[in-house]
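Welcome! Here is a short tour for anyone meeting this structure for the first time. Take a look at the view below, and then we can walk through it together.

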Amino acid sequence: MLRHFVPPAIRAPFARYSHAVEIPAGARLLLVSGQLGITPDDAIPDGVEEQAALCFAAIEACLTEAGMGRADIVRLNAYVTDRAYLAGYMAARDRFIAAPPPASTLMIVSGFARPEFKVEIEALAARQD
């Protein structure tokens with residue numbers, strides 16, 4: 001069973017995430033590459049919240065393929081290209097993640113391989129069968 005930590009000795013998280021998550025010995029790990037907000041037919045929505053929702057849908061498809069679910073996510077790393085995109089990303093993230101929330105990092109970067117992408121999200125999941 002995963003253990004989530006939000007130690008009272010440090011500042012509470014700024015958003016909906018855990019400061020740390022412990023993975024038990026013997027758990028299967030799934031590393032999900034950075035996912036972009038693009039549909040299977042190559043459509044890229046303009047809005048960051050819509051792009052983030054597509055990223056999370058892709059992550060969920062990978063989890064499902066591995067026999068895992070949202071509650072198995074232990075860490076999210078997200079990247080946005082503008083500070084203005086933080087709220088849209090967080091709205092999509094908060095709809096997606098299970099409780100207790102995973103550990104998480106969010107960074108502002110200068111860009112991705114194609115300029116129309118505004119967000120990229122990668123995940124680490126663990127499950128003890």
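In which sense do E4 and E6 pair, and over how many bridges? Keep in mind as you look that this is a predicted model. The pairing of E4 and E6 is antiparallel, and it runs over seven bridges.

Step back, and you will see an open sheet of four strands in the order E3-E6-E4-E5, with mixed pairing. E3 and E5 stand at the edges with a single partner strand each, so one side of each has no neighbour in the sheet. From one strand to the next, the twist averages 10 degrees.

## Two helices on the sheet

Now for the helices. H1 packs on the sheet and touches E3, E4 and E6. The direction of H1 makes about 30 degrees with that of E6. H2 packs on the sheet as well, touching E4, E5 and E6, and its direction makes about 160 degrees with that of E4.

Which residues of helix H2 are buried? In this helix, spanning residues 86–96, they are Leu86, Gly88, Tyr89, Ala92, Arg93 and Phe96. These buried residues pack against helix H1 (48–65) and against strands E4 (73–80), E5 (103–108) and E6 (119–127).

Ile23, Leu29 and Leu31 make a nonpolar surface patch of about 300 Å². Of these, Leu29 has its place in strand E3, residues 28–36, and E3 is one of the strands standing at the edges of the sheet.

Conventions
Residues numbered from 1 in each chain as written. Predicted model: local features only at pLDDT ≥ 70, side-chain atom pairs only at ≥ 80, totals over all residues. Heavy atoms only, no water. Patch = residues over 30% accessible without salt bridge, like charges linked within 9 Å, V, L, I, M, F, W, Y side chains within 5 Å. Areas by Shrake-Rupley, 256 points an atom, 1.4 Å probe, with all protein chains shown as cover. Salt bridge = Lys/Arg side-chain N within 4 Å of Asp/Glu carboxyl O. Buried < 20%, exposed > 50% of the residue type's maximum accessible area, 1.4 Å probe, protein only. Contact = heavy atoms within 4.5 Å. Pairing = 2+ DSSP bridges. Axes fitted to C-alpha atoms, helices over the stretch in contact; angles between N-to-C directions.
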